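I open this entry with a structure I have not looked at before.

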Amino acid sequence: MPNSRSGLPVGRGLLFLAVAGATWGTTGAAVDLVYGSSELGPLSVSFWRYAGGLALLLAGRAVLRRLRPGQAAPGARRPRGLPRLALRLVTGLCLALFQTAYFGAVAATGVAVSTVVTLGAAPVFVAAGARLVLRERLGSGGLLAVAAALAGLAVLVLGGQDGTVRVPGVALALLSAAGFAVSTLLARAAGNAGGDDPYTLTVWSFGVGAVALLPLAAVEGLLPHGGQPWSAFWLLLYVAAVPTALAYPLYFAGAAVVRAATASAVMLIEPVGAAVLAVGLLGEPLTAATLTGTLVLLSSLLFLIRAETVGARET
């Protein structure tokens, strides 16, 4: 059955979310391979992801304009309560923080732990932030989600003292989750105030993030060097094209026609896929503490999904 606003069938929206989650789950493994084939650091990798993703999104919009000349391209609506330029700048900076801290966490403690901590903590941060800033009700499910997230993090950190889990990497993953949460709350606030559409906000955020990261990446070393630079180049192209320029539009299109609880459940494909790649492709160890902490942390998302479903039924 199609959604009345977008005309996109719900089944296709679910497919879009599944593809987005699956491609996002490959990002950490691809970046880890970039680190192994070159001497690029997380700032440079983040810059190339945003710069490449921005170029591909703009090129895609130009192609759509040529194919559909009579249809208006996605545009911005001026928010009533938030300055549009400030919103775009802060969202872009938060996304740059989210991505750079995540890539730093991958280098520090591996793909599996970094992805699970970032994606497990981010929805909890969003729920807590929505309660404090947007006055959205947290409820018993939200409180259980926070408790489960804290318990899962404790098991990961305390159980990983053998070296499989490194505290600095977990700290970077939490910083990444915080950056993602702030950008999500800003986008939600902008939507409530009649702000930018998701495509426009994403394009601006990628542009702001790339500009902010450029001087830092230049100091770190902007071009792939050492090892196998051409391998790093093709991996960076993949990261910019598939889990960035392709996945983000698919995610926004799917999220527009699928309930938030269902979307959250589908997106669990991402941490699961990342963990499978980390263990199977990169040879990262899977200890009992890592597995237990991962399952407890992911259970926090299930509590959030349950809370959102109950809340929607009540309203």
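A term first: I call a residue buried when its relative accessible area is under 20%. The model I am reading is predicted.

Entry on helix H2. I looked up how well this helix is covered and found it mostly covered, with eight of its 11 residues buried. I wrote down the names: Thr27, Gly28, Ala29, Ala30, Val31, Val34, Tyr35 and Ser37 are the buried residues of H2. H2 spans residues 27-37 and, among the elements of the protein, has the highest mean pLDDT, 88.

Entry on confidence. The lowest mean pLDDT among the elements, 56, belongs to helix H10, residues 260-266. For the protein I noted an average pLDDT of 76, with 68% of the residues scoring at least 70. Residues 1-5 are one of them, and the model gives them nine contacts beyond four places in sequence. Residues 75-81 are another, with 21 such contacts in the model.

Entry on the whole protein. Which secondary structure does the protein have? I counted 12 helices and zero strands. Of its 315 residues, 46% count as buried. Last, I took the contacts between residues at least 6 apart in sequence: 88% of them join residues at least 24 apart.

Notes. Residues numbered from 1 in each chain as written. Predicted model: local features only at pLDDT ≥ 70, side-chain atom pairs only at ≥ 80, totals over all residues. Heavy atoms only, no water. pLDDT = per-residue confidence, 0-100. Helix = DSSP H or I, 4+ residues; strand = E, 2+ residues; numbered from the N terminus. Contact = heavy atoms within 4.5 Å. Buried < 20%, exposed > 50% of the residue type's maximum accessible area, 1.4 Å probe, protein only.
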